[in-house]
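Good morning, colleagues. May I ask you to turn to the model on the screen, which I shall discuss by its aromatic pairs, its salt bridges and its sheet.

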Amino acid sequence: MVRTRHLRRYAVAVFDDKGRISDRTLFAVLGWSAGTRVDIAVHDGGALVVRHDRRGGHVLTGRVKIAVPAGLRRWCGFGEREQVLLVAVPSLSALVVHGLEKLDRALPDVRRVVADAHRPGERPPVASSAAASSAAAASSESSPVAPSVSGRARPGRGGVSAAGGGDDD
C-alpha cells in the first residue's frame with residue numbers, strides 16, 4: 001500500500017472543566033503558541049472552527065490552551081469533559097473541532113472489522129460478514145438523538161454519548 005502525503009493532522013482532546021482544549025503538537029504544526037490570537041466560529045454541522053486572526057477575540061493561554069465559551073460549546077452539543085476530534089489544517093491556519101461521532105461515520109463498522117479479522121494469508125470468514133452486516137443494520141436504526149452528560153438530548157449526535165464512547169463501549 002502506497003501512502004500519500006498527509007495534509008492534515010489529527011488528535012483527540014478533552015475539554016477541561018473550564019471549557020479549554022489543547023494539543024501542543026497540533027498547535028505547533030499550526031505555528032500557534034501562547035498569546036496567539038484566534039477567532040472561534042461554528043459550523044452548522046456541529047463543529048467549532050478556530051482560525052488564527054490577529055484581531056481575534058480569543059487568545060491562547062500561557063499553557064497554550066483555547067478557552068471555548070460555553071455558548072459555543074453548547075451550540076455544537078459538546079458537554080463538559082467531552083472527548084473531541086481535533087483536525088489541524090495548516091494551509092488555512094485553522095483547527096476544526098468535531099464530536100467523536102464523526103469517526104463512527106467515517107470508519108468502517110467495527111463489528112464487521114472484528115468479525116472479518118483473519119491471520120495474514122488466510123481467507124476471511126464468510127458467515128461472519130453477513131452476521132456483522134445484520135448487526136450493523138440493526139444498530140444504524142437507532143435514534144439520531146443521544147443524551148448528553150447532563151441528560152439533555154443533543155440532536156444529530158448519532159448514538160454517541162458526551163463521554164465520547166459509542167454503542168460498543
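**Aromatic pairs**

A search of the whole structure finds two aromatic pairs. Rings of Phe, Tyr and Trp (its six-membered ring) are taken to pair if their centres lie within 6.5 Å; planes under 30 degrees apart count as stacked, over 60 as edge-to-face and the rest as tilted. Phe15 and Phe78 form a tilted pair, 5.6 Å centre to centre, with 40° between the planes. This pair links distant parts of the chain: Phe15 belongs to the loop between S1 and S2, Phe78 to the loop between helix H2 (70-76) and S7, and 63 residues separate them. Helices (H or I, at least four residues) and strands (E, at least two) are DSSP runs, numbered from the N terminus.

Before I continue, a word on the basis of these values. The model is predicted, and local features need pLDDT of at least 70, while side-chain atom pairs count only at pLDDT 80 or more; totals for chains, interfaces and linings use all residues. Residues are numbered from 1 along each chain as its sequence is written, and side-chain values use heavy atoms, with hydrogens and water left out.

Phe27 and Trp32 form a tilted pair, 5.6 Å centre to centre and with 45° between the planes. Phe27 is buried at 0% relative accessibility, and Trp32 is buried at 4%.

I return to Phe15 for one further contact. Arg73 lies over the face of Phe15, at 6.0 Å from the ring centre. The criterion is that NZ of Lys or CZ of Arg is within 6 Å of the ring centre and within 35 degrees of the ring normal.

**Salt bridges**

How many salt bridges does the structure hold? There are four salt bridges, each defined as a side-chain nitrogen of Lys or Arg within 4 Å of a carboxyl oxygen of Asp or Glu.

Asp16, Arg20 and Lys65 are linked in a network of salt bridges. Between Asp16 and Arg20, the closest N and O atoms are 2.7 Å apart. Between Asp16 and Lys65, the closest N and O atoms are 3.7 Å apart. The latter pair links distant parts of the chain: Asp16 is in the loop between strand S1 (9-14) and strand S2 (20-21), and Lys65 is in the loop between strand S5 (58-59) and strand S6 (66-67), 49 residues apart. Asp16 is buried, at a relative accessible area of 14%, whereas Arg20 is partly exposed at 23% and Lys65 is partly exposed at 22%.

Arg112 also forms a salt bridge, with Asp116, the closest N and O atoms being 3.7 Å apart. Arg112 is partly exposed at 38% relative accessibility, while Asp116 counts as buried at 19%.

**The sheet**

Finally, the strands. An open sheet of six strands has the order S1-S7-S8-S4-S3-S5, with antiparallel pairing. S1 and S5 stand at the edges with a single partner strand each, so one side of each is left without a neighbour in the sheet. Two strands pair if DSSP finds at least two bridges between them. Strand S7 (residues 83-89) and strand S8 (residues 94-99) run antiparallel and are joined by six bridges. Ala88 has Leu95 as its bridge partner in S8.

Definitions and conventions
Buried < 20%, exposed > 50% of the residue type's maximum accessible area, 1.4 Å probe, protein only.
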